[in-house]
Amino acid sequence: MVGRRPGPFPPMPARLRIMPEQPFPPARVVAVLGRGVVDPETPILRADDLGALRGDGIFETVHVRDGKPWLLDEHLTRMAGSAARLELALPPRDALVDLVGQATEAWPAAGEAALRLVCTRGPEAGGGVTVFATVSGVGPAIVAARHRGLAVLTATAGFPADLRARAPWLLGGAKTLSYAMNMACLRWAAANGADDVLWTSTDGYALEAPTSTLIWRVGTTLHTVPAAATGILAGTTARHLLDNAAALGWTTAEDMISVADLAAVDGAWFTSSVRGVAAIRTLDHAPLRTSTEDTEAIRALLGF
Ligand code: PLP
């Protein structure tokens, strides 16, 4: 009754609005550092927030399994590295762990979800970072890609493989909010009938994808691209896979590979936190030899 009364009443606190009209599961959970879980419709960024104005900030995307964030330590370690590279005052790890806990506890425990943890530089005039977390569902296109695999097109990153290791201002290895170019690559792939893009260096090496890491198998060795030497993002999923590859009878290596050599490998995949693993089915329209058995074994090992 109270909620229906006309008049100058303040909106009900978000906490009380977990009501019958709340869809189940909720479309999204939003939690703000220092405020806790808020109504997901609540505006939480100021108009002068540098995250919005310049993409000046960092983030992590974490897989949530049965209500628990997967590989959270690894993500927080990478986030601290991103913050150091951007000279951003990321709050202490404990505060981030608490925030993640608040967000995931407000999400139904069963099944899978995606958690984003975001830290922007905050208002232009100063005042400190803006930090929030969101939890949302995993869409059917992502689930389908795990099973169907990907048609991938190569696209130049526009620089040689070793450039970012020599040019720290290019923010190699940092997971910044400036993903407009990454998203443009995915739209370009879709416009050309493909699912994803493999970035290549101007000297002919395969690097990574706009939101995933490249993995390939030659014989009994599982390979990935070295992150420090190339400035690609050090993928947490790829690291976990390589660290546990012995369970599949494989050794591991970090190597550069040319696009021409990639066409001849025994299997290639993209790995990332929410999609998990997706086989590269074709590369520039040419089929790769990626086997379903390998893909299933990797998927089982990663728990997707
Ligand atoms: N490379 C880029 C550019 C990414 O954005 C991502 C993930 O978002 C990855 C690789 C894969 O990293 P992770 O496995 O930690 O999700």
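How many disulfides does a search of the whole structure find? The search finds 0 disulfides, a disulfide being a pair of cysteine sulfur atoms within 2.5 Å. C119 counts as buried because its relative accessibility is 0%. C185 is also buried, at a relative accessible area of 12%.

This is a predicted model, in which local features need pLDDT of at least 70 and side-chain atom pairs count only at pLDDT 80 or more, while totals for chains, interfaces and linings use all residues. Residues are numbered from 1 along each chain as its sequence is written, and side-chain values use heavy atoms, with hydrogens and water left out.

The ligand has 17 residues around it, of which K175, Y179, T236, T237 and S273 come nearest; a residue is near if one of its heavy atoms lies within 4 Å. This shell divides into 4 nonpolar, 10 polar and 3 charged residues. At least two shell residues come from each of α2 (72-86), α8 (236-243) and β12 (267-272).

| Protein side | Ligand atom | Distance |
|---|---|---|
| E208, side-chain N or O | nitrogen | 2.7 Å |
| P210, backbone N or O | oxygen | 3.4 Å |
| T237, polar side-chain atom | oxygen | 2.6 Å |

On its own the ligand has 390 Å² of accessible area, and the protein covers 94% of this (Shrake-Rupley method, 1.4 Å probe).

Technical notes. A polar contact is a pair of N or O atoms within 3.5 Å; within protein, one must be able to donate a hydrogen and the other to accept it, and residues adjacent in sequence count only if both atoms are side-chain atoms. Helices (H or I, at least four residues) and strands (E, at least two) are DSSP runs, numbered from the N terminus. Ala, Val, Leu, Ile, Met, Phe, Trp, Tyr, Cys and Pro count as nonpolar, Asp, Glu, Lys and Arg as charged, and the others, Gly among them, as polar. Buried means under 20% relative accessible area, exposed over 50%, partly exposed in between (1.4 Å probe, protein chains only).
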